[in-house]
Amino acid sequence: MDDRICTKLRTRLAMTPRCGPGRGLPRPLRLEIAQYAAARCAEGASITEVAADLGMHPQTLRRWLSRASDDAFEVVQVLAPATSTSATFTVLGPAGVRVEGLDLDTLAALLRRLAS
């Protein structure tokens, strides 16, 4: 991965004023750093190495990565049933939650309620 990205992020970490009760960094910067760290880890770097490159504590980076993955949407693929004429849907949620047998209207209502 490009060292210039790491240098820019390290500079932004050092220069960004802290905000909030815990004097943390703004959420967009934390997410950008988490995305960079995830890409580096996918290339084989350890969290400790990435944190050292960015000039931050490894546990802080682990926490940011964990929160970023909790907030991320996952790509899903909707397939038509092979043998049935009426379509039903299955929703897979966090912590193994599974809801099966939803028709399209019920699925849309569920998603609207979850979004509000």
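User: Is R98 buried or exposed, and how do I read that?

Analyst: Buried means under 20% relative accessible area, exposed over 50%, and partly exposed in between, with a 1.4 Å probe and protein chains only. R98 counts as exposed because its relative accessibility is 51%. This is a predicted model, where local features need pLDDT of at least 70, side-chain atom pairs count only at pLDDT 80 or more, and totals for chains, interfaces and linings use all residues. Residues are numbered from 1 along each chain as its sequence is written, and side-chain values use heavy atoms, leaving out hydrogens and water.

User: Which residues is R98 in contact with, leaving aside its neighbours within four places in sequence?

Analyst: Contact means heavy atoms within 4.5 Å. With those neighbours set aside, R98 touches T90, V91 and L92.

User: Thanks! Now, at what angle do helix 1 and helix 2 pack?

Analyst: Helices are DSSP runs of H or I with at least four residues, numbered from the N terminus. Axes are lines fitted to C-alpha atoms over the stretch in contact, and angles run from 0 to 180 degrees between N-to-C directions. Here helix 1 (residues 3-15) and helix 2 (residues 27-42) pack at about 150°, their axes 11 Å apart. Angles over 145 degrees count as roughly antiparallel, so helix 1 is roughly antiparallel to helix 2.

User: Which residues meet there, from helix 1 and helix 2?

Analyst: From helix 1 come I5, C6, L9, R12 and L13, and they meet L29, E32, I33 and Y36 of helix 2.

Definitions and conventions. Helices (H or I, at least four residues) and strands (E, at least two) are DSSP runs, numbered from the N terminus. Angles under 35 degrees count as roughly parallel, over 145 as roughly antiparallel, 65 to 115 as roughly perpendicular and the rest as oblique.
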